[in-house]
Amino acid sequence: MRVLGIAGWSGSGKTTLLEKLIPALIGRGLTVSTIKHAHHDFDVDQPGKDSWRHREAGATEVLVSSDRRWALMHEHRGAAEPPLAELLAKLAPVDLVLVEGFKREATPKLEVWRAETGKPPLHPEDPSIVAVASDGPIADPARTRLDIDDIEAIADFVADFARRTG
């Protein structure tokens with residue numbers, strides 16, 4: 001599977017970009033999955049639900065299934081967070097996996113950077129960043145710069161990246 005990280009500081013617009021980018025890539029004939037790195041205490045389950053009660057009782061994994069979807073929840077129970085490669089191995093094959101977060105991984109990445117966040121760009125220090133989606137000039141003019149508001153151009157770049165690296 002081809003993997004492209006979407007990296008940037010909190011508030012830079014990574015999720016908003018992905019919301020627009022995913023359907024544009026699907027429209028170009030690609031199958032797409034995502035992995036999202038979340039904050040420490042996120043939960044997809046709801047207190048009081050049967051699956052929540054199973055986890056609270058100590059189950060390491062709880063799989064919930066319906067006629068529309070299934071979800072597997074795995075409790076680390078003191079174990080370390082798995083590396084990205086291990087998480088990727090859990091996904092069904094697709095043309096492209098977009099990974100939001102994991103900005104320290106050495107996987108190819110598209111940086112989302114806005115000066116208004118007040119955070120420094122990642123690309124001058126990270127050689128794995130293949131392009132930068134920004135609403136202004138970027139620190140390294142040798143890098144590919146994409147207008148953050150031009151989803152079609154970003155989708156063309158990402159689709160081409162997926163086909164070149166496949």
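**View 1. Lys119 over the ring of Trp9.** Lys119 lies over the face of Trp9, at 5.1 Å from the ring centre, where a charge is taken to sit over a ring if NZ of Lys or CZ of Arg is within 6 Å of the ring centre and within 35 degrees of the ring normal. The count of aromatic pairs comes to 0, under a rule by which rings of Phe, Tyr and Trp (its six-membered ring) pair if their centres lie within 6.5 Å, with planes under 30 degrees apart counted as stacked, over 60 as edge-to-face and the rest as tilted. This is a predicted model, in which local features need pLDDT of at least 70 and side-chain atom pairs count only at pLDDT 80 or more, while totals for chains, interfaces and linings use all residues. Residues are numbered from 1 along each chain as its sequence is written, and side-chain values use heavy atoms, with hydrogens and water left out.

View 2. In the order S2-S5-S1-S6-S7-S8, 6 strands form an open sheet with parallel pairing; strands (E, at least two residues) and helices (H or I, at least four residues) are DSSP runs numbered from the N terminus, and two strands pair if DSSP finds at least two bridges between them. Strand S2 (32-36) and strand S8 (144-147) each have a single partner strand and stand at the edges, so one side of each is left without a neighbour in the sheet. Neighbouring strands of this sheet are turned by 25 degrees against each other on average, direction ignored, with axes taken as lines fitted to C-alpha atoms, for helices over the stretch in contact, and angles running from 0 to 180 degrees between N-to-C directions.

View 3. S1 runs parallel to S5 and is joined to it by 5 bridges, and Val3 stands opposite Val97 in S5. Another 3 bridges join S1 to S6, again in parallel, and the bridge partner of Ile6 in S6 is Leu110.

View 4. Thr34 is found in strand S2 and, at 41% relative accessibility, counts as partly exposed. S2 is joined by 5 bridges to strand S5 (residues 96-100), which runs parallel to it, and Ile35 stands opposite Val99 in S5. Although Thr34 and Val99 are 65 residues apart in sequence, they are 5.6 Å apart in space, C-alpha to C-alpha. Leaving aside neighbours within four places in sequence, Thr34 is in contact (heavy atoms within 4.5 Å) with Ile22, Val97 and Leu98.

**View 5. Helices H1 and H4 across the sheet strands.** Helix H1 (residues 14-26) lies across strand S1 (2-7), S2, S5 and strand S6 (109-113), and runs at about 175 degrees to S5. Helix H4 (residues 151-164) lies across S1, S5, S6, strand S7 (129-134) and S8, running at about 140 degrees to S8.

View 6. Ser51, in helix H2 (residues 50-56), counts as buried at 11% relative accessibility. A polar contact of 2.7 Å joins the side chains of Ser51 and Asp45; such a contact is a pair of N or O atoms within 3.5 Å, where within protein one must be able to donate a hydrogen and the other to accept it, and residues adjacent in sequence count only if both atoms are side-chain atoms. Thr107, in the loop between S5 and S6, is likewise buried, at 14% relative accessibility, and touches Val3, Leu84 and Ser128, not counting residues up to four places away in sequence.

Key: Buried < 20%, exposed > 50% of the residue type's maximum accessible area, 1.4 Å probe, protein only.
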